Amino acid sequence: MSTARLAAGDPAPDFTLTDDTGAEVSLSSLRGRKVVVYFYPAAMTPGCTKQACDFSESLDSLKASGYEVLGISPDKPEKLAKFREKESLTLRLLSDPDKAVMESYAAFGEKTMYGKTVQGVIRSTFVVDENGTIEVAQYNVKATGHVAKLRRDLGLV
């Protein structure tokens with residue numbers, strides 16, 4: 001299944017997923033706040049750990065600027081809880097084991113890895129405005145340095 005990539009101005013697909021504590025989180029429940037939704041391949045891998053730690057370290061200043069941050073991977077909530085504990089993460093980690101939300105954001109599909117075309121999670125970040133509209137859509141982002149770049153793009157340096 002190939003979903004067209006989202007762009008600024010598109011409505012953000014709503015979702016309800018389970019977080020690392022077992023609670024359900026819906027994008028629509030965060031209306032009125034800006035939300036950074038980022039998709040990553042797997043908890044406790046080097047790149048994903050770096051990215052999650054960067055978001056966690058920036059969380060207070062992002063929240064002070066009106067942003068919530070949700071990290072989504074195909075990992076089960078139990079693994080996400082271990083990831084949060086091991087790395088002292090402060091952001092919400094959501095589980096998308098059937099990858100339905102990833103597919104609705106075109107964050108799962110064909111990608112090139114080590115010169116081969118494979119199916120997998122496409123590291124992507126979206127900023128959803130207070131009304132549920134995509135403000136920023138970034139695909140194939142780098143794990144290292146991405147949060148700093150996103151902050152610059154949002155004028156939060």
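**The pocket and its surroundings**

Mentor: Strand β6 (residues 108–113) gives the largest share of the lining of the largest pocket, three residues. Helices (H or I, at least four residues) and strands (E, at least two) are DSSP runs, numbered from the N terminus. The model is predicted, so local features need pLDDT of at least 70 and side-chain atom pairs count only at pLDDT 80 or more, while totals for chains, interfaces and linings use all residues. Residues are numbered from 1 along each chain as its sequence is written, and side-chain values use heavy atoms, with hydrogens and water left out.

The volume of the largest pocket is about 390 Å³. A pocket here is an open set of points on a 1 Å grid over the protein atoms alone, where a 1.4 Å probe fits, with protein on both sides within 12 Å along at least five of seven lines; lining residues have an atom within 4 Å of a point. The volume is the space filled by probe spheres set on the points, which are joined across faces, edges and corners. The lining consists of Pro41, Lys111, Thr112, Met113, Tyr114, Val121, Ile122, Arg123, Asn140, Val141, Lys142 and Ala143.

Start from Arg123. Its side chain meets that of Gln51 in a polar contact of 2.7 Å (a pair of N or O atoms within 3.5 Å, one able to donate a hydrogen and the other to accept it; residues adjacent in sequence count only if both atoms are side-chain atoms). Gln51 belongs to helix α1 (residues 46–64). With a relative accessible area of 0%, Gln51 is buried (under 20%, with exposed over 50% and partly exposed in between, for a 1.4 Å probe and protein chains only). Leaving out residues up to four places away in sequence, Gln51 touches Tyr38, Tyr40, Arg123, Thr125, Val141, Ala143, His146 and Val147, where contact means heavy atoms within 4.5 Å.

Tyr40 leads on to the aromatic rings. The structure has eight aromatic pairs (rings of Phe, Tyr and Trp, the last by its six-membered ring, with centres within 6.5 Å; planes under 30 degrees apart are stacked, over 60 edge-to-face, the rest tilted). Tyr40 and Phe83 form a tilted pair because their ring centres are 6.3 Å apart and their planes stand at 40 degrees. This pair joins distant parts of the chain, 43 residues apart: Tyr40 lies in the loop between β3 (34–39) and α1, and Phe83 in helix α2 (residues 77–87). Tyr40 is buried at a relative accessible area of 0%, and Phe83 is buried at 0%. Ring pairs also link Phe15, Phe39, Tyr105, Phe126 and Tyr139 into a cluster.

Tyr139 has a charge over its ring: the charged end of Arg5 sits 4.2 Å from the ring centre (NZ of Lys or CZ of Arg within 6 Å of the centre and within 35 degrees of the ring normal). Arg5 lies in the segment before β1 (16–19) and is partly exposed, at a relative accessible area of 45%. Beyond its neighbours within four places in sequence, Arg5 is in contact with Asp10, Ala106, Ile122, Tyr139 and Asn140. Of these, Ile122 and Asn140 bring us back to the pocket lining.

Ala106, another contact of Arg5, is in the loop between α3 and β6. Ala106 is buried, with a relative accessible area of 6%, and has a positive phi near 60 degrees although it is not a glycine.
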